[in-house]
Every structure is written in structure tokens, then in C-alpha cells.
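Good morning, and thank you for the time on today's agenda. I would ask you to look at the sequence and the structure together while I speak.

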Amino acid sequence: MSPEHLRETFMHAKQSGKALFPLICFVLFSLCIYLYLPESQGQQNKRNANATPVQAHQVAISRQANIIESLGTARANQAVTLVSAQSDYIKNIFFDDGDTVKKGQLLVELQDAEEKTRVEELEILLKEENRKLKRLQQLAKTQATARSALDEQEASYEATKTQLASAKIKLAEMKLYAPFSGKLGLREVSTGTFVNTSTEITTLDDTSVIKTDFNVPEKYLAQIAIGMTVTATSPAYPTKTFSGKVSHIASRIDAATRSVKITANFDNKDNMLRTGMLLYTQLELSAENTLMVPEKSLIPQQDKHFVYVINDNVIEKRQVTIGLRRGGWVAIGSGLSEGEQIVTEGIIKVRPNSQVTIKEMLK
């Protein structure tokens with residue numbers, strides 16, 4: 001309907017009377033909505049239809065560590081196989097399998113009657129030798145001829161004294177004590193068993209601290225220092241992570257593997273780690289906070305790298321510098337800021353200044 005036609009209709013309605021005037025106004029209002037509003041909605045729908053759906057990622061700062069992974073075997077802080085220093089029959093046993101013992105605790109006692117008798121005999125003999133020595137010392141003060149006898153008696157006294165000390169040592173060795181605090185293994189002997197210096201009685205492990213040895217490539221040698229953090233996991237505890245420190249760095253490089261042996265100490269007060277366990281170790285060389293983006297968001301062109309940044313649903317192509325890559329992620333040195341959104345999927349469908357809609361936001 002043309003403007004001239006509308007104007008004529010309006011004038012005719014005015015002349016026809018006031019009864020038709022409200023109806024005509026409603027018709028004119030409806031006509032305006034039909035002519036102008038659908039056009040605005042159509043333009044908006046058209047713009048939405050032209051926007052490309054993409055998957056995006058919001059750039060964030062994360063802590064990234066330079067980690068060396070290796071395998072190690074757990075060993076006790078101290079470990080020993082207990083044997084007797086003397087040969088004889090076992091008289092008493094004072095422990096059971098797996099007991100926890102303190103340093104100096106009595107574990108085994110051998111038959112020692114002969115050794116006790118020998119000590120008593122030498123003690124009596126030493127007293128007699130001492131009596132003779134004192135008598136000759138008195139005579140030597142007045143008789144010159146008694147000097148040679150005095151020297152001979154002094155030698156006899158010292159010899160007896162030495163024999164007594166040796167006998168006491170042998171008597172003491174008829175008892176076996178724990179050399180340090182720890183946990184005993186299986187009891188391999190029984191009361192009445194004849195043991196010698198090669199008979200294994202039991203084992204003793206100090207597992208309050210667990211040591212783990214693992215190898216690191218020699219190229220990292222300059223970056224390793226005593227006290228650095230080492231984490232470890234075990235197949236026995238899949239969800240548990242143990243934290244330790246580097247306690248020793250080998251003084252030599254293995255010529256065959258070109259690696260250096262590292263020892264780490266782990267506190268084991270809860271006794272979860274056991275000697276012989278396989279441990280997956282991770283040595284943290286360095287760590288820094290940096291921007292990380294999915295590697296698939298990069299657009300390589302010659303020796304440069306670009307990403308598509310989303311600004312108000314419009315694509316901007318921006319050059320970035322990259323750093324360390326790890327596990328599908330890459331560190332960004334420059335070109336992006338925290339909080340910006342970049343395209344991760346749908347890259348081949350868009351170009352700079354393209355309209356996009358975000359169908360999914362990755363974190």
C-alpha cells in the first residue's frame with residue numbers, strides 16, 4: 001500500500017465519522033509492524049545463520065614443571081642380616097617374626113656356661129698375679145736383685161689382664177643385640193639350634209626412611225642439586241604420591257648409559273613403603289607460571305605460529321611465540337593475555353573477521 005493510498009484512506013475515514021477511526025488506527029499500526037520489525041529480525045537471523053560454530057579455550061596461567069621421570073627400587077635406610085659372632089647352641093630367643101625392636105635390645109642368647117667359667121677363672125688368676133706383683137714391688141724398694149723378678153711379674157699380670165678382657169668379649173658375643181632400631185624379618189632358627197658365624201638368624205631393616213636410587217641423563221647433571229624435590233608413586237598405592245628429597249648424587253657418570261645415579265630419601269613414618277618396592281620417580285628440575293594453550297589451536301606458517309582470537313564473536317588472527325610442549329599443550333611466551341579466548345576446533349572453517357559462535361568452552 002503506497003503512502004498516497006494510506007493518506008486517502010485516512011482522510012476518507014475521518015470524513016466518514018468517528019466510529020471507524022479507532023479501527024483504522026489499529027490497521028495502520030499493524031501495517032507498520034509488518035513493514036519494519038520483520039526486517040530487523042531477519043537481519044539478526046541472517047547474521048546468526050552466517051556465524052560459524054567453534055570450540056574455544058580460555059587462556060589461563062598454570063604452573064609448569066620441568067620433570068624427569070625414571071624408575072627406582074625402594075631400599076631401607078639401614079639393613080642387615082643378623083648372624084652370631086660365636087658358634088654354639090641357642091639357649092634363648094627373645095623375639096618373634098616381624099617384631100619391631102629398639103637399638104641394643106637382646107635378641108638371642110647362646111649357651112655360655114664355658115665362657116662364664118673361663119672369665120671367673122681368669123678373674124681369680126688376675127687377683128693372684130696382682131698380689132704377687134705388689135709383693136715384688138715392695139721387695140724392689142730394698143733389694144736390687146728383685147728387679148728382674150718384678151719385671152717378669154708385671155708382664156705376667158698384663159698378660160692375664162689381656163686374657164680376661166678377651167674372655168669377657170667372647171662371653172658378651174654369646175648374646176646377640178639389635179644394632180639399630182627397626183623391624184625384624186622371619187626367625188630362621190629355634191631354641192637348641194647350633195649356629196656358627198655363617199648361620200642366618202633373621203634380618204633387621206630400618207624403614208623409617210626409604211631410599212630410592214634412579215638414573216638421570218648426564219645432560220641434566222648441572223641442574224641437579226642436593227635437596228631438590230622428588231615425588232614417587234607405587235603400583236601398590238595408585239592414588240598416593242610420596243614426596244622426598246635428593247640426598248646423594250653419584251660422583252661418576254655411567255659410561256655405558258651416560259647417566260648419573262641419584263638417591264632420594266622418603267620419610268616413611270607411616271610404614272607404607274617397603275624394601276624392594278618399584279617406584280615411579282619424578283625429579284622436578286624447575287617450575288614456572290606460564291600461559292598454556294592446547295597444541296591444536298596453533299596455526300603454523302613457515303617459522304611462525306598464529307592463533308585465532310575471539311573478540312566479540314569476531315575472529316582476529318594473532319602471532320604468538322611458543323615454548324615448551326608437553327602432553328598436547330604448549331607454553332606461550334608472548335602474543336596472548338590471560339582470559340582471552342582462542343579457537344581450538346573449527347579453525348579451518350573460519351578466517352580473520354569471521355563471525356563465530358562458541359559451542360563449547362574448554363578450560
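The chain has four helices and 19 strands. Please keep in mind that this is a predicted model. Of the 363 residues in the chain, 31% are buried. Consider also the contacts between residues at least 6 apart in sequence: 74% of these join residues at least 24 apart.

Let me begin with strand S1, which covers residues 52-58. Strand S1 is joined by four bridges to strand S18, residues 341-345, and the two run antiparallel. Within this pair, Val343 in S18 is the residue opposite Ala56.

I turn next to an open sheet. In which order do its four strands lie? The order is S6-S5-S3-S8, with antiparallel pairing. At the edges are strand S6 (175-177) and strand S8 (194-195), each of which pairs on one side only. Strand S3, residues 88-93, is paired with strand S5, residues 106-110, through three bridges in the antiparallel sense. Ile93, for example, has Val108 in S5 as its bridge partner.

In soluble globular proteins, nonpolar side chains tend to be buried together. The largest nonpolar core here has 20 residues, and the members that touch the most others are Val216 and Leu283. Two or more residues of this core come from each of these elements: strand S2 (60-82), S9, strand S10 (229-234), strand S11 (237-254), strand S12 (259-267) and strand S13 (278-294). Strand S12 gives the largest share, four residues. Leaving aside residues up to four places away in sequence, Val216 touches Ile68, Ile224, Ser259, Val260, Ile262 and Leu283. Another core, of 16 residues, lies apart from this one, and its members include Phe180, Val189, Val195 and Ile201.

Asp206 is buried, yet it has no salt bridge. How far away is the nearest side chain of opposite charge? That side chain belongs to Lys211, and it is 8.5 Å away. What Asp206 does have is a polar contact of 2.8 Å between its side chain and that of Ser208. Again setting aside residues up to four places away in sequence, Asp206 touches Ala76, Asn77, Gln78, Phe180, Ser181 and Gly182.

Finally, I would draw your attention to two loop residues. Asn271 lies in the loop between S12 and S13. Its phi is positive, about 60°, although Asn271 is not a glycine. Is Asn271 buried, exposed or partly exposed? Its relative accessibility is 27%, and therefore Asn271 counts as partly exposed.

The second residue is Asp312, in the loop between strand S15 (304-311) and strand S16 (314-326). Asp312 also has a positive phi without being a glycine, with a value near 50°. Because its relative accessible area is 75%, Asp312 counts as exposed.

That concludes my presentation, and I thank you for your attention.

Methods. Residues are numbered from 1 along each chain as its sequence is written. This is a predicted model: local features need pLDDT of at least 70, side-chain atom pairs count only at pLDDT 80 or more; totals for chains, interfaces and linings use all residues. Side-chain values use heavy atoms; hydrogens and water are left out. Buried means under 20% relative accessible area, exposed over 50%, partly exposed in between (1.4 Å probe, protein chains only). Two strands pair if DSSP finds at least two bridges between them. Lys and Arg count as positive and Asp and Glu as negative; His and the chain ends are not counted. A salt bridge is a side-chain nitrogen of Lys or Arg within 4 Å of a carboxyl oxygen of Asp or Glu. A polar contact is a pair of N or O atoms within 3.5 Å; within protein, one must be able to donate a hydrogen and the other to accept it, and residues adjacent in sequence count only if both atoms are side-chain atoms. Contact means heavy atoms within 4.5 Å. A nonpolar core is a set of buried Ala, Val, Leu, Ile, Met, Phe, Trp, Tyr and Cys residues joined through side-chain atoms within 4.5 Å.
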